Amino acid sequence: MRILLVEDDPSLGNTLKKWLQLDGYAVDWLLRGEQADSALRTHDYQCVLLDRGLPGMEGDAVLTALRLRQAKAPVIIITARDTLQDRIEGLDLGADDYLVKPFDLEELSARIRANLRREANQPSTILLHNRVELNPAGRCVTLDGNLVTVSAREFAILHALMLNPDHVLSRTQLEEAVYGWGKEVESNAIEVHVYNLRRKLGKRFITTIRRLGYRLSSR
């Protein structure tokens, strides 16, 4: 699961990023609205945490642009703007949820899970490939209907591959899906996770494309 966190307060942003990583999410943390707008145009996120009062492009403008592109990623506004009118404005702009600062970190986690569950209720959300089924919101994987235990990072790699079943994903792309931006990753980390997924789902489920990356097998 990859989350975009858009928060210009360094202390709060750092705290939220660490908390979300403990929850098993890959987190991209940005401080400016135009950076967030660019990231949302070029990357897929399962959830967006968006402050309204951002330097440069405001959070409201980021949200408006996102919804004009008909992107469906759940957006949770995190803000100090706490009046009833503020809440109405944020939800009318297209936010899925509205959380007023200061808030409890456990409540934030619960709201993320709730929004992902709602998204999972859409028929197109469940991902299927051959005998494997992946439920993004439920964060579960089954093989022939039987639950398969995978780690958070294995899940993130599998999710990225199943979102792009006809494409080769490079190691760099998979590292971004698992770890987010700017995090130092051991050179063989992706290979280890792919090895574990093959052991659990079948040796031929993920194919190595030499010098390019990985893709799902065609059968």
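This is a short walk through one protein chain, from its overall build down to single residues.

Keep in mind that we are looking at a predicted model.

Let's start with the whole chain. It holds eight helices and eleven strands. How compact is the chain for its 219 residues? The radius of gyration is 18 Å. The globule rule gives 17 Å for 219 residues, which is close, so the chain is as compact as a globular protein of that length. Along the principal axes, the C-alpha trace spans about 55 × 35 × 30 Å.

Now the surface and the inside. Of the 219 residues, 46% are buried. Contacts reach along the sequence as well. Take contacts between residues at least 6 apart: 57% of them join residues at least 24 apart.

Next, the five-stranded sheet. In what order do its strands lie? The order is β2-β1-β3-β4-β5. The pairing is parallel, and the sheet is open. At the edges stand β2, residues 26-30, and β5, residues 97-100. Each has a single partner strand, so one side of each is left without a neighbour in the sheet. Neighbouring strands are turned by 20° against each other on average, direction ignored.

Let's zoom in on β1, residues 2-6. Five bridges join β1 to β2, and the two run parallel. Leu-4 stands opposite Asp-28 in β2. Leu-5 has Trp-29 of β2 as its bridge partner.

Helix α1, residues 10-22, packs on this sheet. The helix touches β1, β2, β3 and β4. Its direction makes about 170° with that of β2.

Back to β1 itself. Is the strand covered or open? Five of its five residues are buried. The cover is on both faces. Arg-2, Leu-4 and Val-6 are buried on one side, and Ile-3 and Leu-5 are buried on the other.

Arg-2 deserves a stop. This residue is found in strand β1. Why does Arg-2 count as buried? Its relative accessibility is 8%, and the cut-off for buried is under 20%, so Arg-2 falls on the buried side. What does its side chain contact? The side chain of Arg-2 makes a polar contact with the side chain of Asp-28, at 2.6 Å. Asp-28 is also the residue that stands opposite Leu-4.

On to the helices around β4 and β5. Helix α4, residues 84-92, lies across these two strands. α4 runs at about 145° to β5.

Then there is α3, residues 59-68. Which of its residues are buried? They are Gly-59, Asp-60, Val-62, Leu-63, Ala-65 and Leu-66. An α-helix has 3.6 residues a turn, so residues three or four places apart point the same way. The buried residues of α3 pack against α2, β3, β4 and α4. After α3 comes Gln-70, with a positive phi near 60°.

Four strands form an open sheet in the order β6-β7-β8-β9. Here the pairing is antiparallel. The edge strands are β6, residues 127-129, and β9, residues 146-148. Each has a single partner strand, so one side of each has no neighbour in the sheet. From one strand to the next, the twist averages 25°.

One pair in detail. β8, residues 140-143, pairs with β9 in the antiparallel sense over three bridges. Leu-143 stands opposite Asn-146 in β9.

Take α6, residues 152-163. α6 touches β6, β7 and β8, and its direction makes about 110° with that of β7. The other is α8, residues 189-201. α8 touches β7, β8 and β9, and its direction makes about 45° with that of β8.

Last stop: a hairpin. β10 and β11 form it, with three residues between them. β10 covers residues 206-209, and β11 covers residues 213-216. They run antiparallel, joined by four bridges. Thr-207 stands opposite Arg-215 in β11. In the turn, Arg-211 has a positive phi of about 70°.

To recap, we saw an open parallel sheet of five strands, an open antiparallel sheet of four, and the β10-β11 hairpin.

Technical notes:
Residues are numbered from 1 along each chain as its sequence is written. This is a predicted model: local features need pLDDT of at least 70, side-chain atom pairs count only at pLDDT 80 or more; totals for chains, interfaces and linings use all residues. Side-chain values use heavy atoms; hydrogens and water are left out. Two strands pair if DSSP finds at least two bridges between them. Axes are lines fitted to C-alpha atoms, for helices over the stretch in contact, and angles run from 0 to 180 degrees between N-to-C directions. Contact means heavy atoms within 4.5 Å. The radius of gyration is taken over C-alpha atoms; the globule rule is 2.2 Å times the number of residues to the power 0.38. Buried means under 20% relative accessible area, exposed over 50%, partly exposed in between (1.4 Å probe, protein chains only). A polar contact is a pair of N or O atoms within 3.5 Å; within protein, one must be able to donate a hydrogen and the other to accept it, and residues adjacent in sequence count only if both atoms are side-chain atoms.
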